[in-house]
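Have a look at the structure first, then read on.

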Amino acid sequence: MSSIRILSDRVANQIAAGEVIERPAAVVKELVENSLDAGATRIEVEFRTGGRAYIRVEDNGAGMDRDDAQLALERHATSKIAEAADLDRLHTFGFRGEALPSIASVSRFELQTRVAGAEAGTEVLVNGGRLVHVRDCGRPVGTRVVVAQLFNSVPARRKFLKSDATESAHIIHCVRLYALACPQAAFTLIEDERTIFRSPECSTTAERVAEIFGRQIAESLLPVEFAEAGLSLWGLVGRPGIGRATRHEMITFVNHRPVDSRTLSYALIESYHDAVPKGRYPLAFLFLDLDPAAVDVNVHPAKREVRFRNEVQVRALVIRAVLRCLRESGAVAMGGPPEGAAGALAAQPTAIPAVPESRIAAPFPAFRPVGPREPPGAPGVPVAATAPVTAPASPPAGAGGSLAGWRYLGLAHGTYALFETEAGLVLLDRRAAHERVWYERLREQFASGRVGIQRLLFPVPVELDAIAAALLLDRLEFLGGHGFEIVEFGRHFFRVEGVPEWMEPADAEPFLRDLLGALREGRLAAQDLDLARDELARLAAARAIRMPADGGEAELRALAGRLFACRQPLTSPAGRPTCIELSHGELARRFQR
Ligand code: ADP
Ligand code: MG
C-alpha cells in the first residue's frame with residue numbers, strides 16, 4: 001500500500017482532460033465558447049486530420065494581457081465567476097476555468113493574444129502540460145489558439161478516437177451548433193485547407209440555418225415564437241409530415257447554449273404526436289431563454305446536459321408553442337402546396353387537434369436509454385403502457401395448406417382481416433403481414449444478388465450534414481449492390497439515381513433518411529454483411545408495402561397464403577405479431593359456456 005499524496009497539477013489536469021476533452025471536437029467546443037465569451041464577432045476554426053494533428057481557433061475578441069494569458073492556463077482560473085452564486089447570473093458559456101489547462105496538458109498548446117491598447121501581444125507555449133516559453137509576439141487584438149498533437153502524450157485516449165472522417169464530422173457539427181447559437185458572429189470553418197463553410201454575420205437564425213444546413217432544410221421549417229411567465233421559446237421547427245428516423249436533427253439551445261435536454265426533446269416529440277408518423281422525430285432548431293437561476297448547467301462535464309428547476313412548466317410551454325405553430329401552419333398550408341422541393345415532400349397537412357391539458361400535465365415519461373441497437377418500432381419514444389408483445393407460438397390451425405377451410409368474414413377498421421376457421425377465429429394484421437412477406441422477399445433478393453434497379457428519370461438530390469455524409473460515403477458500395485444507386489456530387493451532396501424496382505421514386509429521399517438513422521445507430525455495419533442485409537430489408541419492407549384501401553377477399557386470402565408460406569410467418573420483421581388465433585376453447589371460456 002502506498003501512502004496518500006496530492007496529485008501534481010499536471011497529472012490532475014490530464015485526468016480532468018479525460019472528462020472535459022473526450023475528443024477533438026471538445027477542444028473546438030471549448031475554444032469557440034471562449035471566443036464567444038470574449039465578445040468575438042469573427043471566429044475562424046481550422047483543423048487537420050480530424051483534429052488530431054492540428055486545431056486552430058482564432059478570434060477578434062477582447063484578448064488577454066500577459067498576466068491573464070499565463071493565469072488562464074492555471075487550474076480553476078476563470079474571469080467569469082467569482083463565487084458559486086454567480087452561476088445563477090451566468091451569461092457566459094464558460095465558468096469552470098478548466099478547459100485551457102486541460103487541453104494544454106494533453107497537447108502542444110500555443111496561445112497568442114493581445115488586448116486593445118497593448119504594445120505587443122503575448123505568446124505562451126505549453127507542451128504536454130509543461131511550460132516552454134512566454135514571450136512577446138505581434139498580432140491584432142484578439143486571441144489565437146493552436147492545439148497540435150492532441151492526446152500524443154495519452155495513448156489510451158488516442159485509441160478511442162474514431163476515424164478521421166468521424167472526428168471531423170463531430171467538429172463540423174459542433175461548429176455548426178455554435179454558429180446557430182450566435183448568428184451575429186461571422187464563422188469560418190476550414191478542414192485540410194478546404195473551406196467547409198463561411199457564414200457572414202446573419203441577422204436571423206433562419207438565415208444561418210440556410211447558410212450552413214442548406215436551403216433544402218431551411219425551406220422545410222416553420223418559425224415558432226412564444227413567451228410566457230419569464231420563459232421565451234423561439235426558433236424553427238419542421239413542417240407537419242416531415243420526420244426523421246433519429247433525433248439528430250432536433251437541435252435545442254438553452255440560453256443560447258447547445259444542449260441535450262430530455263425535457264425539451266420529449267416535449268417536441270409529444271408536440272409532433274399527430275404531425276409525424278409514430279417512431280419518427282421532428283426537425284427542430286429550438287431556443288429556450290429563461291432566467292439563468294431557473295436552470296442548472298453544472299450537471300455534466302461538457303455542459304451538454306441541463307436541468308430545469310421547473311420541468312413541468314418548460315414542457316408545457318414547448319408543447320403549447322409548437323402545437324400552436326403547427327396548427328397555424330396547417331391552416332396556411334391548406335391554401336396551396338408549400339413551395340420548393342422540401343415542400344413537395346411534406347405530407348398533406350395533418351389536422352392538429354387541440355392538445356388536452358391532461359396531456360400537457362401528464363407525468364414525464366420514463367426515459368428509455370437509446371441503446372446501440374434499439375428495438376425496431378419507435379426507438380426511444382416513451383410507449384404508454386404497452387403490453388409485452390406476444391406472438392403466437394405456432395401458426396393457426398389450417399394455415400399450412402391452401403387455407404381451404406378458412407372463411408373470410410371481413411376487414412375490421414381497414415386493418416384486421418377476420419377469418420373463420422375450423423379451429424375458431426383468426427385475426428390477421430394486414431400491415432404486419434405485408435411487412436413480413438416483403439421482408440422475406442427482399443432478404444431473398446439480396447442474398448441472391450438479383451435486385452432489379454430502376455433508374456430515376458429525375459435523380460433526387462439530397463443534402464446531408466457532415467456526419468450523415470461520412471456515414472453514407474462509407475456504405476455507398478454496399479447500397480449499390482442492393483438496389484440503391486447513390487452518387488456523391490459535391491461536398492455533403494448526394495444524388496439518388498436509382499432505386500429498387502419496387503420502390504416509388506417519391507420514397508427515395510425519406511427512405512435514405514431512414515437509412516441514415518440506422519447508420520448513425522451503428523446498424524448496417526460493414527463487419528457483418530448478413531446483419532446489414534437484414535437491417536436493410538427491414539427498413540425497405542416498411543417502404544415497400546402498398547395496401548389497397550379496401551382490400552377485398554381475394555387480396556386478403558392471397559396475403560394470408562403468402563404470409564403462411566414465409567419462413568417466420570408469426571411476426572413482422574419488427575417483431576410484432578402478424579395474427580391472433582381465438583380457438584373454440586378460448587371463445588367458450590370467454591363466453592363462459
Ligand atoms: P472558463 O472559460 O471556464 O473561464 P477556460 O479555461 O476556458 O475557463 O479559460 C480561462 C480564462 O481564459 C477565461 O475565463 C478567460 O478569461 C480567458 N480566455 C480564454 N480564452 C479566451 C479568448 N479567446 N479571449 C479572451 N480571453 C480568453
Ligand atoms: Mg472556457
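Q: How many aromatic pairs does the count come to?
A: Bear in mind that this is a predicted model. Ring centres have to lie within 6.5 Å to pair. By that rule the count of aromatic pairs comes to ten.

Q: Is the pair of Trp406 and Phe419 stacked, edge-to-face or tilted?
A: The ring centres of Trp406 and Phe419 sit 5.3 Å apart, with 55 degrees between the planes. Stacked needs planes under 30 degrees apart and edge-to-face needs over 60. That makes the pair of Trp406 and Phe419 tilted.

Q: How many residues apart are Trp406 and Phe419, and which parts of the chain do they link?
A: Trp406 is in the loop between helix 12 (357-361) and strand 16 (407-412). Phe419 belongs to strand 17 (residues 416-421).

Q: Are Trp406 and Phe419 buried or exposed?
A: The cut-off for buried is under 20% relative accessible area. Trp406 comes in at 4%, and Phe419 is at 0%. So Trp406 is buried, and Phe419 also counts as buried.

Q: Which rings do the charged end of Arg441 and Arg475 sit over?
A: A charge over a ring has to be within 6 Å of the ring centre. For the charged end of Arg441 the distance is 4.5 Å, and the ring is that of Trp438. Arg475 is 4.4 Å from its ring centre, and it lies over the face of Phe478.

Q: What volume does the largest cavity have?
A: A search of the whole structure turns up one cavity of 30 Å³ or more. The space in the largest cavity is about 120 Å³.

Q: Which helix gives the most to the lining of the largest cavity?
A: The lining has 14 residues, and the closest to the cavity centre are Arg244, Glu249, Arg513, Leu516 and Arg520. By class, the lining splits into five nonpolar, three polar and six charged residues. Four lining residues come from the top contributor, helix 15 (residues 508-520).

Q: Where is Glu249 found, and is it buried or exposed?
A: Glu249 is found in the loop between strand 10 (231-238) and strand 11 (250-254). Leaving out residues up to four places away in sequence, Glu249 touches Ile217, Arg244, Pro282, Leu283, Ala284 and Arg513. Its relative accessible area is 12%, so Glu249 is buried.

Q: What is the phi of Asp192, and what is the phi of Glu193?
A: Asp192 lies in the loop between strand 7 (186-191) and strand 8 (194-199), and Glu193 lies in the loop between strand 7 and strand 8. Asp192 is partly exposed at 40% relative accessibility, whereas Glu193 is exposed at 66%. Asp192 is not a glycine, yet its phi is positive, about 45 degrees. Glu193 is not a glycine either, and its phi is positive at about 70 degrees.

Q: Which residues does Ser168 touch, not counting residues up to four places away in sequence?
A: Ser168 is found in helix 6 (residues 164-181). At 5% relative accessibility, Ser168 counts as buried. With those sequence neighbours left out, Ser168 touches Phe47, Gly50 and Glu191.

Note on methods: Residues numbered from 1 in each chain as written. Chains lettered and ligands numbered in written order. Predicted model: local features only at pLDDT ≥ 70, side-chain atom pairs only at ≥ 80, totals over all residues. Heavy atoms only, no water. Phe/Tyr/Trp six-rings, centres within 6.5 Å; stacked < 30°, edge-to-face > 60°. Helix = DSSP H or I, 4+ residues; strand = E, 2+ residues; numbered from the N terminus. Buried < 20%, exposed > 50% of the residue type's maximum accessible area, 1.4 Å probe, protein only. Lys NZ or Arg CZ within 6 Å of the ring centre and 35° of its normal. 1 Å grid on protein atoms, 1.4 Å probe; cavity = no way out; pocket = protein on both sides within 12 Å on 5 of 7 lines; lining within 4 Å. Points joined across faces, edges and corners; volume = space filled by probe spheres on them. Nonpolar A, V, L, I, M, F, W, Y, C, P; charged D, E, K, R; others polar. Contact = heavy atoms within 4.5 Å.
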